[in-house]
Amino acid sequence: MSTSREMEFTLNLVVTNALAALEFYEKVFEGERGEIYEFTNRQQENEANIKLGNVKLRLLDANPIYDCYPPKAGEASPMWMQLMVADVDKTLKLAEFYGATDVQAPSELMGLRHAQFTDPFGYIWTINCVLKEISFQERYEAYLTLQAEQASEEETDVEDAANFRQQTP
């Protein structure tokens, strides 16, 4: 079946409060608000949609009736979001101001400035901005150097770094 509509990607995030999550993501990431379903007479059924860049987030209230549960506090999540932003430091400060927890302070690696935080709803975000465009080969070589430095700090051999295979798209 063919349609004229382009492929879209929507990530569904279960949170403790969809409307509060919408406000957080709007303030921190300057996202574009989408449809909101607010049921003032029913709990655990609210839904809010927001677009961050070219990805849509569908924020859903936690609802055990439908087996919808948010990340558990204090437990590592098997996934995290990664987002390119204009200013890592500014975005991290905004996130912390609105209740996020700093996971990794801003640093620079392979032409990127990046940081990581956990939002008030338990999701981990890695935020990046490009400082310098570098080639795949330069990133690969920087990765090998980093692995060798980490191996020497840990007093282990660099066999893993040496066995890393470069694959180009």
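**View 1**
Q82 stands opposite T126 in β8, in a model that is predicted rather than determined by experiment, where local features need pLDDT of at least 70, side-chain atom pairs count only at pLDDT 80 or more, and totals for chains, interfaces and linings use all residues. Residues are numbered from 1 along each chain as its sequence is written, and side-chain values use heavy atoms, with hydrogens and water left out. Five bridges join β5 to β8, and these strands run parallel; two strands are said to pair if DSSP finds at least two bridges between them. Strands pair in a sheet through backbone hydrogen bonds, either parallel or antiparallel. The labels come from DSSP runs numbered from the N terminus, with helices being H or I runs of at least four residues and strands being E runs of at least two. The open sheet around this pair has four strands in the order β5-β8-β7-β6, with mixed pairing. Because β5 and β6 stand at the edges with a single partner strand each, one side of each is left without a neighbour in the sheet. On average, and with direction ignored, neighbouring strands of this sheet are turned by 15° against each other, where axes are lines fitted to C-alpha atoms (for helices over the stretch in contact) and angles run from 0 to 180 degrees between N-to-C directions.

**View 2. Helix α2 against the strands β6, β7 and β8.**
Helix α2 lies across β6, β7 and β8, and runs at about 10° to β7. The buried residues of this helix, which spans residues 88-97, are V88, T91, L92 and A95; buried means under 20% relative accessible area, exposed means over 50%, and partly exposed lies in between, with a 1.4 Å probe and protein chains only. The face of α2 turned away from its buried side carries the exposed residues K93 and F97.

**View 3. The two ends of helix α2.**
At the N-terminal end, D87 caps α2, with a side-chain oxygen 3.1 Å from the backbone nitrogen of D89. A polar contact of this kind is a pair of N or O atoms within 3.5 Å; within protein, one must be able to donate a hydrogen and the other to accept it, and residues adjacent in sequence count only if both atoms are side-chain atoms. Just after α2, G99 takes a positive phi of about 110°.

**View 4. The sheet that contains β1 and β4.**
Another view shows four strands that form an open sheet in the order β1-β4-β3-β2, with mixed pairing. Since β1 (10-15) and β2 (32-37) stand at the edges, each with a single partner strand, one side of each is left without a neighbour in the sheet. Neighbouring strands of this sheet are turned by 20° against each other on average, direction ignored. Strand β1 pairs with β4 (residues 55-61) in the parallel sense over six bridges, and the bridge partner of V14 in β4 is L60.

**View 5. Helix α1 and its buried face.**
Helix α1 (residues 18-29) lies across β1, β2, β3 (47-52) and β4, and runs at about 15° to β3. Which residues of α1 are buried? They are A18, A21, L22, F24, Y25, V28 and F29. Seen down the axis of α1, these buried residues fall within an arc of 165°, so they line one face of the helix. At the start of α1, a side-chain oxygen of N17 reaches to within 3.1 Å of the backbone nitrogen of L19.

**View 6. Two loop residues with positive phi.**
E30 lies in the loop between α1 and β2, and its phi is near 55°, a positive value in a residue other than glycine. At 63% relative accessibility, E30 counts as exposed. D67 is found in the loop between β4 and β5 (80-84), and has a positive phi of about 55° although it is not a glycine. At 61% relative accessibility, D67 counts as exposed.

Conventions: Contact means heavy atoms within 4.5 Å. The arc is that of the directions from the helix axis to the C-beta atoms.
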